[in-house]
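These are my notebook entries on one protein model, written down in the order in which I looked things up. I kept the working definitions beside the values to which they apply.

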Amino acid sequence: RSSDLLNLKPLLFGYQIGMQTGDVQHAMFNASSYIKISFFVGLNLKEVEKTIEKFGKEMIEYNQTAVYRSLLPVKRAVLDLILSTNDPFVMAENNAEQNSLFLQATEANSLVVECELYIFGSIVAYIYNSYDLAAALIQKRFELEKKMSRTILWWGATAFYDGLIFLALAHKSSQFEWTAEVSKVMSKMEGYVQIGKSNHEHKLLLLEAEIKSRIGENNEASEKY
């Protein structure tokens, strides 16, 4: 997490320089990345929500529609986590807004936004223990990624949450499919560690700890935790 927190300062600086020099689009791209990484590294959600509101207003003010649209998936995730509720009316409203976001992304042919709706949606579903929903969103993302020139990695965070979700399903199901998916994720994470150890090793260790814990090797799991 410390290395990810260090990544935030240059993004905020990039935003400031962009605004000072009149490169508003560059500034807003930095602001968007700043917000998404803030979410991934676990900053206080209320603070992330305030940051979204601040930069979101600026994006609208400066007519940065595409960048603002790219912010909507993480905004939806933050609100879903802050406003967690079993109220059926609120849940229906949230689902309607989520469906509206998917429709907007599809109509705008924005594969990146649609992909990030699946990424953030699967993370929220995992946090609420809705593992089947989380896996369904991942599978939809996999299909979408076939149309994309490159996938969205988020410094290994995408694969990390994929791994957690597949592990949860492998634990409650006898289907070999999920165990095979876990193996694929672990291979990805090992490759990421070779590329950037500081950003990925802790994620790999946590996944390894989860695997050890689920097969009853508690001492090894504790060591990796």
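I began with a pair of helices, H2 and H3, and noted that their crossing is left-handed, a crossing being left-handed if the near helix is turned anticlockwise from the far one by less than a right angle, and right-handed if clockwise. Helices (H or I, at least four residues) and strands (E, at least two) are DSSP runs, numbered from the N terminus. I recorded the contact as made by Met28, Ala31, Ser32, Tyr34, Ile35, Ser38 and Phe39 of H2 with Leu45, Val48, Thr51, Ile52, Phe55, Glu58 and Met59 of H3, where contact means heavy atoms within 4.5 Å. By class this contact of H2 with H3 has 10 nonpolar, three polar and one charged residues; Ala, Val, Leu, Ile, Met, Phe, Trp, Tyr, Cys and Pro count as nonpolar, Asp, Glu, Lys and Arg as charged, and the others, Gly among them, as polar.

Before going further I noted the basis of the entries: this is a predicted model, in which local features need pLDDT of at least 70 and side-chain atom pairs count only at pLDDT 80 or more, while totals for chains, interfaces and linings use all residues. Residues are numbered from 1 along each chain as its sequence is written, and side-chain values use heavy atoms, with hydrogens and water left out.

Helix H2 (residues 24–40) and H3 pack at an angle of about 165 degrees, and their axes are 10 Å apart. That angle makes H2 roughly antiparallel to H3. For these terms, axes are lines fitted to C-alpha atoms, for helices over the stretch in contact, and angles run from 0 to 180 degrees between N-to-C directions; angles under 35 degrees count as roughly parallel, over 145 as roughly antiparallel, 65 to 115 as roughly perpendicular and the rest as oblique.

I then followed H3 (residues 45–61) to H4, and found that their axes come within 10 Å and cross at roughly 155 degrees. H3 and H4 are therefore roughly antiparallel to each other, and their crossing is left-handed. Among the residues making this contact are Ile52 and Glu53 of H3 and Tyr68 and Lys75 of H4. The contact of H3 with H4 divides into 13 nonpolar, one polar and four charged residues.

Which residues does lysine 75 touch, not counting those up to four places away in sequence? I listed Ile52, Glu53 and Tyr68 for lysine 75, which has its place in helix H4 (residues 65–82). Lysine 75 is partly exposed, because its relative accessible area is 22%; buried means under 20% relative accessible area, exposed over 50%, and partly exposed in between (1.4 Å probe, protein chains only). I also noted that lysine 75 and phenylalanine 39 are 36 residues apart in sequence and 9.6 Å apart in space, C-alpha to C-alpha.

Serine 70 is also found in helix H4, and it counts as buried because its relative accessibility is 12%. Leaving out residues up to four places away in sequence, serine 70 touches Ser32, Lys36, Val113 and Glu116.

Further along I looked up helix H6 (residues 111–127) and helix H7 (residues 131–145), which pack at an angle of about 160 degrees with their axes 8 Å apart. H6 and H7 are therefore roughly antiparallel to each other, and their crossing is left-handed. In the loop between H6 and H7 I found asparagine 129, which has a positive phi of about 65 degrees although it is not a glycine. Most residues other than glycine have a negative phi. Asparagine 129 is exposed, with a relative accessible area of 53%.

Tryptophan 155 has its place in the loop between H7 and helix H8 (157–172) and is partly exposed, with a relative accessible area of 37%.

My last entry concerns the chain as a whole. I recorded 11 helices and zero strands for the protein chain, and noted that buried residues make up 46% of its 225 residues.
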